[in-house]
Amino acid sequence: MPPPIIEVRGLRKVYGGRAVVDGVSFAVEQGEIFGVLGPNGAGKTTTVECVEGLRVPDAGTVRVTGLDPVADHPRVTRVLGAQLQESELQPKLTVREALELYAAFYATPADWRPLAERLGLADKSATRFAKLSGGQKQRLFIALALIGNPRVVVLDELTTGLDPRARRDTWRLIEDVRDSGVTVLLVTHFMEEAQRLCDRIAVIDQGRVVALDTPAGLIGRTASSTVISFTPSVPLAPADLAALPRLASATEKDGRITLNGTDDTVDALLTLLARRHVTAHQLRVTDATLDDAFLDLTDTRPGHHHGAPA
Amino acid sequence: MTATATASHAPHAPRAARAVLKAELRLFRREPGSLFWVMVFPTLLLVILGSVPSFREAQDDLGGIRLVDAYVPVTVLLATIMSGLQAMPPVVTGYRERGILRRMSATPVRPSAVLGAQMGLHGAAALGSALLSLAVGRVAFDVPLPRQGVGYAVALLLVTSSALALGALVSALSRTSKAATAVGSAVFFPMMFSAGVWLPVRAMPDALAHVVEALPFGAAAEALNQAAAGDWPGPVHLGVLVLWTAVLTAAAARWFRWE
């Protein structure tokens, strides 16, 4: 197996006496979409800014294709393309001018025309940056991240502020980018996005990696990997539900009961229903989403999860 | 902000720097407001003043020259103030505010290339506007061209550098482009006064003139007058300009933030 394209070990960054990033370690393998997922303020952006060489770590090591992003900044910028959170372009610069300008920064840039075509910007080439929609701006930033023919791109909160359709279009683009052989480091706080796109995810909370796994692995390891919902033909006693094994939570709304648990919970519930001769109308058993896993991993309020059923 | 050459990390730095300059030149030409105030307004002011008959009569307290003669160097200085202090700071501060400089930090090109291009373009615009003012003065109002041309050019280049350094310091100290506009305007009026826009330095009372000559535009006004009259500009005036440029540049470099 080739060496990881990005390696972060024991990364620490302190602002005003507070460790925003506190011992983060992960490795991104070539050709994967690696997600950095976490709540707002968890230290995601600071982490990837250290990978991009825009910030100097207080401790730990960061390597991109074996290079130090700070000491070897010029060389790292040639293999790593970046889309930054909250950065803009000159308002009166057109799409074409921006692509040509950034192409001139690299020794062997991609041709901007097919790139603009692929990103759906071909008919916008004469449009000024300030006149682009949010989705078009983001696509232009993807194009600028790719114009230098990088081996890895870092995309930070790419789809924030996009409408659902634009977001889905962008997801397809990111998959295309990966399929073209470019490794993707994706920062997001959207579960659906991480679940759909990422091969592996590092969940960061309060400056630490609290879990690192595939989306399925993260979901499977939660206390409540299965969601069961049904409308019982006769009301069930709360105590019976509370006694179900491996139950994480139970809620009732308008006669419909939703349980979070595991396969054990499902088995026990079916036994319970049979014993009481209760019919479960519209019974749905579904896998939990990354959402549930994420809340499980990042919510540190005492007694909140694994709590008693409602 | 001495860092125009730091893009040399990249093997293709000249190509990248040229591309940045080309893009910034295009953007500069898309700002009609800036173009008017930098390129047109100083000469327009000269034309308006020169159209007043009394401005074309010799004045004893100006050593026998006409007011319109005295106003050519003033409008030349006005061009440098408009460009360096009024036009440039909001652009540069806006680039930082919008993360444009930061985005460039993530490429092989250093954001100092943009700063260098901005200073170069605003410097060139100031010089172009100054030449326009000299040409219109000569053609429309018979104002003689500077008789010590080299001395005039040296003084003009020095004062342009001071104006750009002052503008860079305003950019460095302003967090938003609105603030840069406000700070620029606050500094603008004293600088206009010291350049002699309301009262040529020659016509100021001695005590005031001494203070004004210690300021960059006051010293430049005197240096330009001397060169216009055929003398080499006084070393004290040129020294004042060099000193201001050095101090302002150092301060701008000290406080400038890329993000």
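In chain B of this predicted model, residues 113-137 form a span that is 100% helix and 0% strand, with end C-alpha atoms 36 Å apart. Residues 70-92 of chain B are likewise 100% helix and 0% strand, and the end C-alpha atoms of this span lie 33 Å apart. Helices (H or I, at least four residues) and strands (E, at least two) are DSSP runs numbered from the N terminus. Both spans belong to the UniProt annotation "transmembrane region" (unreviewed entry), which also covers residues 35-55, 149-170, 182-201 and 236-256 of chain B. A further annotation from an unreviewed UniProt entry, "domain: ABC transmembrane type-2", covers residues 33-259 of chain B. Over residues 33-259 the chain is 75% helix and 0% strand, and the end C-alpha atoms are 26 Å apart. UniProt positions follow the numbering used here, feature names are shortened, and annotations may be inferred rather than shown by experiment.

Residues are numbered from 1 along each chain as its sequence is written, and chains are lettered from A in the order in which they are written. Local features need pLDDT of at least 70, side-chain atom pairs count only at pLDDT 80 or more, and totals for chains, interfaces and linings use all residues, while side-chain values use heavy atoms, with hydrogens and water left out.

Chain A is divided into domain 1 (6-220) and domain 2 (223-287), with bounds from an automatic or database domain assignment. The C-alpha centres of these two domains of chain A lie 42 Å apart.

Contact between the chains (heavy atoms within 4.5 Å) involves 31 residues from chain A and 28 residues from chain B. About 2700 Å² is buried between chain A and chain B, 56% of it on carbon and sulfur atoms; buried area is the accessible area (1.4 Å probe) that two parts lose on being put together, summed over both. On the side of chain A, A:Gln90, A:Lys92 and A:Phe105 lose the most area to chain B, together 24% of what that side buries.

Five salt bridges are counted between chain A and chain B, each defined by a side-chain nitrogen of Lys or Arg within 4 Å of a carboxyl oxygen of Asp or Glu. The side chains of B:Arg26 and A:Glu97 are joined by a salt bridge at 3.7 Å, N to O. Elements of chain A giving two or more residues to the side that touches chain B are α2 (73-79), β5 (80-83), α3 (95-103) and α5 (134-146).
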